[in-house]
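I open this notebook to record what I looked up in one structure. The entries follow the order of my reading.

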Amino acid sequence: MKTAIVILNWNGRELLAKFLPSVIAHSASQATVYVADNASTDDSVMYLRKHFPQIKIIENAENGGYARGYNLALRQVEEELLILMNSDIETTEGWLTPIVEAFETESDLGAAQPKILDYKRPEYFEYAGAAGGFIDALGYPYCRGRIFDTVEKDTGQYNDNARIFWASGACFVVKKSVFWEAGALDEQFFAHQEEIDLCWRIHALGFSVKYIANSSVYHVGGATLGAMNPQKTFLNFRNTLFVLLKNVPSARVYILIVLRMCLDGIAAIKFLAEGNPAHVTAILKAHLDFYRKCRSIYRKRKGLKKTNVYFTRLSIIWLYFIKGKKTYTKI
């Protein structure tokens, strides 16, 4: 199966210099490596042409974030299997083979991710994806290997291939035909949680999403927006409401959104108590922007197939904060 690795870059020359060599060394014999530049203002493109002439460069005319950046770039990619990879990923020898084999042998496989470990703490899972993602009934994401801020050590407890609800955007593998049939990435999201929205639509089309345990990569995480960046808080809180309004079937979506808004208010109080007023402002801005754009998001419901099966836990907040169950194996 012809495979493309597409790395989206915006002013990331140092990350490309550090991590692109491992991608080429471990992948170039099996895949074409692309860097899609999102209108960088540094010398990323010049650097790539000089030091990595073997890769293909796609130059986007604007910085449309993760979603639009990839949508624009992937229109120029001919390979049938697409790997959307963050620029702060270090690959490992042999990581690509199990992924390609899975897509070649499983006709219903639409999207997947490898095991994602922490580059800074290699024995631990990495926050953004870990061993595969899920959401609860209220849309809170969690992973095998990471629930909220609790990240597990990798002791082999998730060395089984498993069906998951969402694959991480840090290293997101998808069939090109499925990507476009599902409607590509929603550009209104800009960045964060657009992979959850896309996976929801992939499930609705009847395809599966999978975690492939015998493929491992290491992710720095937070190289573009750190965990405590208010812009990340804004995007995550707003985009969760987008995901729910767009995809939850039936009228219960309105009840869920009201509940989420109440819980977001509690989160804002928590941020304030911790001395983080910028994040309180980010949550307020997220809700205001949701109100402004909810009609356009709502209109997208009509054109989407929907699946009732999107969660296996009613409330991860209840299990984590009230019941004290901090790891996936305990929930």
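What covers the buried residues of helix 9? I note first that the model is a predicted one. I found that the cover includes helix 7 (230–247) and helix 8 (252–273).

**Entry: helix 9, length and bend**

I looked up the extent of helix 9 and found 25 residues, 277–301. At 1.5 Å a residue the helix should span 36 Å, and I noted that its end C-alpha atoms are 34 Å apart, which agrees. I also recorded a kink of about 55° in helix 9, with its centre on Lys 293.

**Entry: buried residues of helix 9**

I listed the buried positions of helix 9: His 279, Ala 282, Ile 283, Ala 286, His 287, Asp 289, Phe 290, Ile 297 and Arg 301. Asp 289 held my attention, and I looked up its relative accessibility; at 6% it counts as buried, since the cut-off is under 20%.

**Entry: salt bridges of Asp 289**

I recalled that side chains of opposite charge can pair when their charged atoms come close. Which residue forms a salt bridge with Asp 289 at 2.7 Å between the closest N and O atoms? I found Arg 238 in that place. Arg 238 belongs to helix 7 and Asp 289 to helix 9, so this pair ties together parts that are 51 residues apart in sequence. I noted that Arg 238 and Asp 289 are both buried.

I then found that the side chain of Asp 289 also meets that of Arg 292 in a salt bridge, at 3.2 Å from N to O. Arg 292 and Asp 289 are three residues apart in helix 9, and therefore about one helical turn separates them. Is Arg 292 buried or exposed? I read 62% relative accessibility for Arg 292, which counts as exposed.

**Entry: other salt bridges**

One of the pairs I checked joins Lys 270 and Glu 274, whose closest N and O atoms are 2.6 Å apart. I noted Lys 270 as partly exposed, at 47% relative accessibility. Glu 274, at 43%, also counts as partly exposed.

Which residues are linked in a network of salt bridges? I wrote down Asp 186, Asp 197, Arg 201, Lys 246 and Lys 300.

Key
Residues are numbered from 1 along each chain as its sequence is written. This is a predicted model: local features need pLDDT of at least 70, side-chain atom pairs count only at pLDDT 80 or more; totals for chains, interfaces and linings use all residues. Side-chain values use heavy atoms; hydrogens and water are left out. Helices (H or I, at least four residues) and strands (E, at least two) are DSSP runs, numbered from the N terminus. The expected span of a helix is 1.5 Å times one less than its number of residues. The bend at a residue is the angle between axes fitted to the seven residues ending there and the seven starting there. Buried means under 20% relative accessible area, exposed over 50%, partly exposed in between (1.4 Å probe, protein chains only). Contact means heavy atoms within 4.5 Å. A salt bridge is a side-chain nitrogen of Lys or Arg within 4 Å of a carboxyl oxygen of Asp or Glu.
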